[in-house]
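Here is a short tour of a protein model, written for someone who likes to know the cut-offs behind each term. Please have a look at the sequence and the structure first, and then read on.

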Amino acid sequence: MSGRSWPLRLPMSKGRVPMWPHLGGRSLPCTSDELATIWLDDEDVRAAIHAKPKSLIGSWELYTARIDYTTEVGSMLKYHKKFTAMGYRVLIYSGDHDLCIPFTGTEAWVRSLGYGVVDSWRPWYFGGQVAGYTQGYDYNLTFLTIKGAGHTVPEYKPKETLVFYTHWLSGEKI
């Protein structure tokens, strides 16, 4: 999924999914695959994950044009609505320094579900400081931002992630 770029509100249709190189991109500023490349190019790792050796398929690439990915799924909105209507709790979170998928896009997607707000936009705290903002919606859906975190929130803010996730898992207000 990280190799894709998809415009907000544009429904995904059946067929080929363009990857980043097909859209003219060479790399994304929010990712570095240096360590992953070293690890995934190790022949022992490749054998362990049942990947073909480099001699057959070349070096690992984060944003490759060699993948031909198709989908028949379309929008995920109906799945989220189905499961929240069944009573499943949902936590959707975004770092506020994510250049790949800005939190404003995630927030717009959450709003597109059409759920009513039950817990207005407010700060949440870690160590006496504002750690981000949260808003609760109908059907037990919580949207949360994490200040200073990029795309991989637990990597950037592990302590804050543990706190909000522990509260959420326990059913406590974040």
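## A strand pair and its surroundings

Val 117 has Tyr 137 of β5 standing opposite. The two strands involved, β4 and β5, pair in the antiparallel sense over seven bridges; strands pair here if DSSP finds at least two bridges between them. Their hairpin has two residues between the strands, and Gly 127 takes a positive phi near 60° there.

A word on the source: this is a predicted model, in which local features need pLDDT of at least 70 and side-chain atom pairs count only at pLDDT 80 or more, while totals for chains, interfaces and linings use all residues. Residues are numbered from 1 along each chain as its sequence is written, and side-chain values use heavy atoms, with hydrogens and water left out.

**The whole chain.** The protein has seven helices and six strands, which from the N terminus on run β-α-α-α-β-α-β-α-β-β-β-α-α. Helices (H or I, at least four residues) and strands (E, at least two) are DSSP runs, numbered from the N terminus. Of the 174 residues, 32% are buried; buried means under 20% relative accessible area, exposed over 50%, and partly exposed in between (1.4 Å probe, protein chains only). Among contacts (heavy atoms within 4.5 Å) with a separation of 6 or more, 53% come from residues 24 or more positions apart. The accessible surface comes to about 11,300 Å², and 57% of that belongs to carbon and sulfur atoms. These areas come from the Shrake-Rupley method with a 1.4 Å probe; for residues, only the protein chains shown count as cover.

**Helix α5 and its cover.** In helix α5 (residues 103–111), the buried residues are Thr 106, Glu 107, Ala 108 and Val 110. Their cover includes β3 (90–95), β4 (117–126), β5 (129–137) and β6 (141–146).

| Side chain | Backbone atom | Distance |
|---|---|---|
| Gln 135 | nitrogen of Trp 121 | 2.9 Å |
| Asp 96 | nitrogen of Gly 148 | 2.7 Å |
| Ser 170 | oxygen of Thr 166 | 2.9 Å |

Gln 135 lies in strand β5 and counts as buried because its relative accessible area is 11%. Leaving out residues up to four places away in sequence, Gln 135 touches Val 117, Asp 119, Ser 120, Trp 121, Leu 141, Thr 142 and Phe 143.

Asp 96 sits in the loop between β3 and α5 and is partly exposed, with a relative accessible area of 24%. Its C-alpha atom is separated by 6.2 Å from that of Thr 145, 49 residues apart along the chain. Beyond neighbours within four places in sequence, Asp 96 is in contact with Phe 103, Ile 146, Lys 147, Gly 148 and Ala 149.

Ser 170 belongs to the segment after α7 (158–169) and is partly exposed, at a relative accessible area of 47%.

**A nonpolar patch.** Which residues form a nonpolar patch on the surface? They are Met 76, Tyr 79, Phe 83, Met 86 and Tyr 88, with about 510 Å² of accessible area together. Patches are made of residues with over 30% relative accessible area and no salt bridge, where like charges are joined within 9 Å and nonpolar side chains (Val, Leu, Ile, Met, Phe, Trp, Tyr) within 5 Å. A salt bridge is a side-chain nitrogen of Lys or Arg within 4 Å of a carboxyl oxygen of Asp or Glu. Tyr 79 lies in helix α4 (residues 77–85) and is partly exposed, with a relative accessible area of 33%.

Definitions and conventions. A polar contact is a pair of N or O atoms within 3.5 Å; within protein, one must be able to donate a hydrogen and the other to accept it, and residues adjacent in sequence count only if both atoms are side-chain atoms.
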